[in-house]
Amino acid sequence: MAKYVGVLTAGGDTPGLNAALRGLGKSALGEYDLQLIGFYDGFRGLMNDRSVILDEQRLSGILTFGGTILGTSRDKPHRMPVGEKLLDMTDAMLEVYEKHHLDALVCIGGGGTQKNAYRLMQKGMNVITIPKTIDRDIAMTDTTIGFDTALGIATDAVDRLHSTAHSHHRIILVELMGHNTGWLALGAGVAGGADVILIPEIPYQPEVISEAILDRVRSGKRFSIVAISEGAITKKSSEELETLLKQKKDARDKAEKQTAVEKIEAWQNMQANKTISLAQELEELTGLESRVTILGYVQRGGIPSARDRLLATELGTAAASMIVKEKYGSMVAVRGEKMEAVPLEKVVDRRRTVPLEHSWIKAAKRVGTCLG
Ligand code: F6P
C-alpha cells in the first residue's frame, strides 16, 4: 500500500529549498511509490490543513528557483499566534496528520524547525528533518542548504566594496547575516580578503580594530574593509551579558528573575545599530571616513548555487530513503562525504558555532586579518 508523506518548509527561506522538495518528491514518487502532500507556510499550514498534492508536474522546473514553492513562516507549533493569543496547537496538527493518514512528515528548516519537529515527534508523529539555513549553525551536520549560495553573495559584496573603499580612502563595514554564529562573515571575509573580520565567537575591542586599520595606513593602505557578523559584540557587551545571564540564573524569586529578563531585553535593544556605532567610533579613532553596508536579505535571495542544488538533491533523496527505512525521529545530516540519520535529540538545543581553532580562523590570522 502506498505511503503518504507530508512535507513543509519552515523558518527563514534559503536558496535550495525547492531543489530539496524536488529531490525528495522525485525520489519518493519515482523510486518508492510514496505520495507527497505539501503544507503551505510552515507549521501554520499544517495546523490549518492548507495543503497541495506534490505530483510530478508540481515538482518539475523548480530546481533553480529561489525561495520555496510551499511558502514559509516562523510560527512555532506550541506557541502559535491565534487571534490575540499564543496557543499550543500541536494537537490540532496531529489531527491533520491523522486525517491525511500520513506515515511521515518531513520538515525542512533551521535550528528552530528541528526543535519544532522534535515537539511533533513527541506528540507521536513520524518526523524526518532536512537541515537548511544560511547561518550553517545546526548541530551535528557539516553544512546546511543555503549556506553556499549566501557565502557566494556575501563574498561578492566584500569584493565589490574594495574598489569603492579604495577610491575614497574609506573604511567600509559590511554587516552580514549569520544570527549568533560567524560562519558567513568569516567565510566571506576570508574569501573576499576583508582586512578585519568580526564574529560573535570572538568579542571585539574597537581599539584593537582601529590599531589594525592605522597599521594599514602606516604601510600605505588608506582603505579597509571590515566584515562584521550581525551577531558580533564588543568584549565589554559580552561581559555585561554574562553578568546579566548569571543574575537571571541566580534569581531567588520570580520578581528577581523578571528584573533580570528585562535587563537582558534592554541589553538586546542596545545591540541594534551597533555596526553604525562601530563605524562612528572607528572614524573618530582613525580619522578615516567610514561607511556601512548592511547586506540583509539579498543574502537569502535568488537562485541557489550549484553546490546548494547538489546538497539539496542529496539531502532530499536521502530523506525519501529514510522514510522507507522508517528512520523516524531523525535529521538527515551531512557527515563528511555521507548523508546520515542523526537522532533529533542530538540536534535540538544546541548550536554549531565556529570553533576558535577552526582552519578558517587560522588562515585568516596567517594572512594578517584582524579578528578584533
Ligand atoms: O536564520 C536565517 C536568518 O537569515 C539569519 O541570518 C537572520 O538573523 C534571520 O534569519 C532573519 O530573520 P527574519 O527572516 O525573521 O527577519
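This is a predicted model: local features need pLDDT of at least 70, side-chain atom pairs count only at pLDDT 80 or more; totals for chains, interfaces and linings use all residues.

Visitor: What makes α6 and α7 oblique to each other?

Guide: Helices (H or I, at least four residues) and strands (E, at least two) are DSSP runs, numbered from the N terminus. Axes are lines fitted to C-alpha atoms, for helices over the stretch in contact, and angles run from 0 to 180 degrees between N-to-C directions. The axes of α6 and α7 cross at roughly 45° and come within 8 Å. Angles under 35 degrees count as roughly parallel, over 145 as roughly antiparallel, 65 to 115 as roughly perpendicular and the rest as oblique. The pair α6 and α7 is therefore oblique.

Visitor: Which residues of α6 and α7 make the contact?

Guide: Contact means heavy atoms within 4.5 Å. On the α6 side the contact is made by Phe-147, Ala-150, Leu-151, Ala-154, Thr-155, Val-158, Asp-159 and His-162, and on the α7 side by Trp-183, Leu-184, Gly-187, Ala-188, Ala-191 and Gly-192. By class there are nine nonpolar, four polar and one charged residues; Ala, Val, Leu, Ile, Met, Phe, Trp, Tyr, Cys and Pro count as nonpolar, Asp, Glu, Lys and Arg as charged, and the others, Gly among them, as polar.

Visitor: Why is α7 called largely enclosed by the rest of the structure?

Guide: Buried means under 20% relative accessible area, exposed over 50%, and partly exposed in between (1.4 Å probe, protein chains only). Eight of the ten residues of α7 (residues 183–192) are buried, so this helix is largely enclosed. Trp-183, Leu-186 and Gly-189 are among the buried residues. The cover over the buried residues of α7 includes α6, β8, β9, β10 and α13. Just after α7, Gly-193 takes a positive phi of about 70°.

Visitor: What makes α1 oblique to α12?

Guide: Helix α1 (residues 17–30) and helix α12 (residues 306–324) pack at about 40°, with their axes 7 Å apart. That angle makes α1 oblique to α12. The crossing of α1 and α12 is right-handed; a crossing is left-handed if the near helix is turned anticlockwise from the far one by less than a right angle, and right-handed if clockwise. Residues in this contact include Ala-20, Gly-23 and Leu-24 of α1 and Ala-312, Gly-316 and Ala-320 of α12.

Visitor: How is α8 placed against α11?

Guide: The axes of α8 (residues 206–218) and α11 (residues 274–286) come within 10 Å and cross at roughly 55°. This makes α8 oblique to α11. Their contact has seven nonpolar, two polar and two charged residues.

Visitor: How do you know whether Pro-15 is buried or exposed?

Guide: Pro-15 has 0% relative accessibility and therefore counts as buried. Pro-15 lies in the loop between β1 and α1. Leaving aside neighbours within four places in sequence, its contacts include Ile-145, Thr-149, Arg-300 and Asp-308. Pro-15 and Ala-150 are 135 residues apart in sequence and 8.2 Å apart in space, C-alpha to C-alpha.

Visitor: On what value does the class of Glu-201 rest?

Guide: Glu-201 is at 16% relative accessibility, so this residue counts as buried. Glu-201 lies in the loop between β9 and α8. Leu-356 is 155 residues from Glu-201 in sequence, with 7.5 Å between them in space, C-alpha to C-alpha.

Visitor: How many disulfides does a search of the whole structure find?

Guide: A disulfide is a pair of cysteine sulfur atoms within 2.5 Å, and the search finds zero. Cys-107 is buried at 0% relative accessible area, and Cys-370 counts as buried at 11%.

Notes
Residues are numbered from 1 along each chain as its sequence is written. Side-chain values use heavy atoms; hydrogens and water are left out.
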